[in-house]
Amino acid sequence: MRKWVFAFILVILLSYGISQLNVKSAGEDKVDIENGSLPQQDSQMITVSKEQMYKGDLLLVNNDYALHPEGIRSDIVSLSDRQDLVQGYGLLDPSIQLSESVAKDFGEMVEGAKKDGVEHFLISSGYRDADKQDQLYRDMGHDYALPAYHSEHNLGLSLDIGSTTAKMDEAEEGKWLKKHAWEYGFILRYPKGKEDITGIQYEPWHFRYVGKAHSAIMYKQDLTLEQYLDKLKQTKAMSITAGGQKYTVAYYPMVGNGATIQVQQGKPYEVSGNNYDGVIVTTYA
Ligand SMILES: [Zn+2]
C-alpha cells in the first residue's frame, strides 16, 4: 500500500513538473500587443539627425522609395568565406553576400527549423550592389526585377531562401518559414493577397530582416512593411511582449533636419528610419 502511495505521489510530481515546463514555453510564445508609449518618468528628449531617417532595419525600399547610400549595411560579408556562419544550409553560388548580423539570425532560424525536422535550406540570393541590381533589371525586365537602389537586396537585409527538395511554395522549408520566421526577426516580404500594397508578385522565397519586435507585430496583425509603417505613424506608439522580451515601439516625424525622440534612462534602444518621413525608436523595456 505504501509503495502504491509513493508511486502515485511520484506520478503527480512528475506530471506537475512537466505541466510547469509547458506553461513556461507557452508563456514565452505569447505575444501581447497594445497601444501605449514610454512612461514620462526617467525619460528625456533627444534629437537625431536627418541622416538617421535613411538608416536602420525598418527602411522601406520599393518602387517609390530608393535607398540612400547610408542605408546599405556596413557589415556585408561574403558567405562562402565565412564557413563559421554557413552552418546547416547551402549556398546556390559562392558569390553570395549578406549582412553578417542578418546571417547570424538566419543561422539561428535554420537551427530552430532543424529541431522541427526541417533542414534542407539554401540561400539563393543575398546582398546585391547597384551594378549587380542594374544588370538584373536589364536582364529580367521591369516585371521581374526592380531598378538599382529600389530593391531590398541592395540593403543587405533581404535574402532569397530556397529548399533543396521542392519549390518554396510546396517545400516544408517554405511552410515552416511562413509560420516561424517572425520569431527570428524576419518577415515574408511579398505575401499572397498583398500584391496591390507591395507592388510585387507573391514571392514565397523572399525574406526581409526587420527585428523581432516588428516581425512579431507584422505577423500577428497580418501587415506588410508598408502597412506597418503606416500604422505606426497613426498610432504613434505600441508596446509589445514577444519571446519573453518587452518592447516599446514609437514613431517620430522628421521636422526640418532633425527628429526629437523620447528615450528612457537605462533602457537600451535602437533607432531606424522609415526612409521617407520619420524614425522609429525601439526601446527594450
Ligand atoms: Zn528577393
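Helix α7 spans residues 225–235, and its buried residues are Leu225, Glu226, Tyr228, Leu229 and Leu232. The model is predicted. An α-helix has 3.6 residues a turn, so residues three or four places apart point the same way. Just past the end of α7, lysine 236 adopts a positive phi of about 70 degrees.

Turn next to the strands. Strand β6 covers residues 121–125. Of its 5 residues, 4 are buried, so β6 is largely enclosed by the rest of the structure. Two pairings involve this strand. With β4 (residues 89–91), β6 runs parallel, over 3 bridges. Within that pairing, glycine 90 has leucine 122 of β6 as its bridge partner. With β7, β6 runs antiparallel, and 4 bridges join them. Serine 125 stands opposite aspartate 160 of β7.

The zinc ion takes its protein donors from His153 (NE2), Asp160 (OD) and His206 (ND1), at 2.0 to 2.1 Å. Along the chain, these donors follow the spacing H-x6-D-x45-H. Histidine 153 sits in the loop between α3 (130–140) and β7 (158–163), while histidine 206 belongs to strand β9 (residues 206–209). The two histidines are 53 residues apart in sequence, so the pair ties together separate parts of the chain.

How buried are these two histidines? Histidine 153 is buried, with a relative accessible area of 3%. Histidine 206 is buried too, at 2%.

Methods. Residues numbered from 1 in each chain as written. Predicted model: local features only at pLDDT ≥ 70, side-chain atom pairs only at ≥ 80, totals over all residues. Heavy atoms only, no water. Donors = N, O, S within 2.8 Å, 3.2 Å for Na, K, Ca; no water. Buried < 20%, exposed > 50% of the residue type's maximum accessible area, 1.4 Å probe, protein only. Pairing = 2+ DSSP bridges.
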